Amino acid sequence: MDREITQEVRTRKVVRRVVTFIAILAVAGGALAAAVEWLRPSLKRREIQTARVVRGTVEETLQAAGTVVPLVEQVVSSPVEARVVGIGRRAGDRVTVGDALVTLDTAATQLDFARLAERMQQKESESTQLRLRLDESIATLQAQIEQKQLDVEIFRYTAEQKEKLRSEGLTAQQEALASAAQAKKADIELRQLKEALARTLRSRDAQLAASQVDLSIARREREESKRQLEMAMMRAPSAGVLTWVVTEQGATVRRGDILARIADLSSFRLSATISDIHAARLSAGQRTRVKLDEATTIPGTIESIDPRIENGVVRFFVMLDQPAHPRLRNNLRADVAVVTSQRDRVLSARRGRLGENSERYAFVVREDELVRVPVRFGIAGDEAIEIVSGLREGDEVVISDMSDSMRVERLRLK
């Protein structure tokens with residue numbers, strides 16, 4: 001015979017069912033929450049790079065490519081048109097003053113020197129002959145003047161005597177007048193001879209001066225030919241390292257052609273190039289940072305800018321603060337950062353990939369997740385970027401490339 005179930009038993013069964021249902025709901029809810037959490041986008045911390053927002057100085061820079069070149073490099077050029085008959089040194093050799101570099105065929109230059117020497121001797125002979133001829137003319141005039149001076153004195157004396165005799169009635173007036181006229185004529189002839197002598201002296205001085213000019217020109221031409229002949233020996237004008245020398249023996253070179261380059265490899269500067277779109281932003285005196293490798297950066301200053309634009313690039317030269325730095329090597333490639341502007345005591349962060357592609361957002365670490373925040377950037381350098389708004393000092397911001405996640409507002413950080 002069945003017994004009636006007590007109220008206590010029925011209550012326990014109901015409680016058990018309710019508890020079981022709640023447990024099932026809790027497990028289902030936890031599983032759903034775990035699934036949602038698992039499906040939410042996430043990143044591993046080791047996959048990203050972060051930097052702290054700090055207050056400091058930000059420099060806006062332009063990036064250029066540079067090559068280390070000697071600070072002092074002397075060019076040896078051909079003084080004459082000649083043929084290369086011998087090469088005494090090779091590129092890379094150390095040379096001292098007077099070392100033979102290149103031997104040129106100077107036969108034509110020697111003939112030219114001999115011709116100029118003969119021309120100078122001819123000018124000297126012509127100048128001497130001219131002086132003798134003019135001196136003879138002057139001496140003749142001076143003798144004529146002396147003779148005429150005596151004639152004038154005699155005619156004056158005769159005229160005076162005739163005048164006395166005429167006053168005493170001892171001679172005719174006509175004879176006295178004739179003697180006075182003859183004395184006056186002699187005075188005129190004497191004056192004309194003196195004027196002729198003065199003109200001859202001036203003419204002599206002018207002709208001798210012109211002759212001396214011609215002689216001086218001939219002498220200078222001969223000395224220049226002699227100097228070129230001596231320079232055609234092509235000896236090193238200074239000590240250093242031969243960075244380049246003509247290599248083709250038998251080649252014909254023209255006057256002014258470069259035959260060798262001698263560099264002092266104890267100090268250097270930088271030859272840099274940049275796109276011509278940045279030409280207007282460059283100016284002499286701007287500070288630069290020359291990066292030789294990951295561990296070596298040398299500051300410098302733009303010394304000069306080449307006004308020419310070739311193949312879309314502008315060339316400029318940088319004077320280094322440490323031109324004798326031990327890491328500098330001839331023809332070494334280097335990255336150059338040209339500082340175009342600077343701002344002090346502003347919020348900034350290590351640049352990384354911040355500010356690229358005109359992005360106006362950045363991800364900030366908030367406990368165990370990344371939160372996307374709107375950010376406005378200012379000037380950007382090669383190492384840091386200015387934070388105008390959106391971040392606070394001390395924030396930890398992601399500087400890795402986050403372009404693929406910019407549509408997501410939050411990311412789990414594992």
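Q: What kind of model is it, and which pLDDT limits apply?
A: The model is predicted: local features need pLDDT of at least 70, side-chain atom pairs count only at 80 or more, and totals for chains, interfaces and linings use all residues. Residues are numbered from 1 along each chain as its sequence is written, and side-chain values use heavy atoms, with hydrogens and water left out.

Q: What's the average confidence?
A: pLDDT is the predictor's confidence in each residue, from 0 to 100. The protein chain averages 79, and 83% of the residues score at least 70.

Q: Where is confidence lowest, and where highest?
A: Helix H1 (residues 7-39) is lowest, at a mean of 61. Strand E12 (residues 313-320) is highest, at 94.

Q: Which residues stay under 50?
A: Residues 33-39 do. The model has 2 contacts for them beyond four places in sequence. Contact means heavy atoms within 4.5 Å.

Q: Next topic. How much of the chain is buried?
A: Buried residues make up 33% of the 414 residues. Buried means under 20% relative accessible area, exposed means over 50%, and partly exposed lies in between (1.4 Å probe, protein chains only).

Q: Which residues have the most contacts inside the largest nonpolar core?
A: Leu282 and Phe316 do, in a core of 20 residues. The elements giving two or more residues to this core are strands E3 (54-77), E9, E10 (287-293), E11 (296-310), E12 and E13. A nonpolar core is a set of buried Ala, Val, Leu, Ile, Met, Phe, Trp, Tyr and Cys residues joined through side-chain atoms within 4.5 Å.

Q: And what does Leu282 touch?
A: Not counting residues up to four places away in sequence, Leu282 touches Leu62, Ile274, Ile302, Ile305, Val314, Phe316 and Val338.

Q: What about Ser267: buried or exposed?
A: Ser267 counts as buried because its relative accessibility is 12%. It lies in strand E9 (residues 258-275). Leaving aside neighbours within four places in sequence, Ser267 is in contact with Pro70, Leu71, Pro323 and Ala324.

Q: Now backbone. What is the phi of Asn331?
A: Phi of Asn331 is near 70 degrees, a positive value in a residue other than glycine. Asn331 sits in the loop between E12 and strand E13 (333-350). Asn331 is exposed, with a relative accessible area of 51%.

Q: And the phi of Arg345?
A: Arg345 has a positive phi of about 55 degrees, although it is not a glycine. Arg345 lies in strand E13 and is exposed, at 65% relative accessible area.

Q: In which sense do E13 and strand E17 pair?
A: E13 and E17 (residues 384-389) pair in the antiparallel sense over 3 bridges. Two strands pair if DSSP finds at least two bridges between them. Ala349 stands opposite Ile385 in E17.

Q: How many residues are between E16 and E17?
A: E16 and E17 form a hairpin with 3 residues between them. Strand E16 (residues 376-380) pairs with E17 in the antiparallel sense, over 3 bridges. Ala380 stands opposite Ile385 in E17.

Q: Last one. Where is Glu126?
A: Glu126 is in helix H2 (residues 107-167). Glu126 is partly exposed, at 36% relative accessible area. Glu126 and Ser211 are 85 residues apart in sequence and 8.0 Å apart in space, C-alpha to C-alpha.

Definitions and conventions
Helix = DSSP H or I, 4+ residues; strand = E, 2+ residues; numbered from the N terminus.
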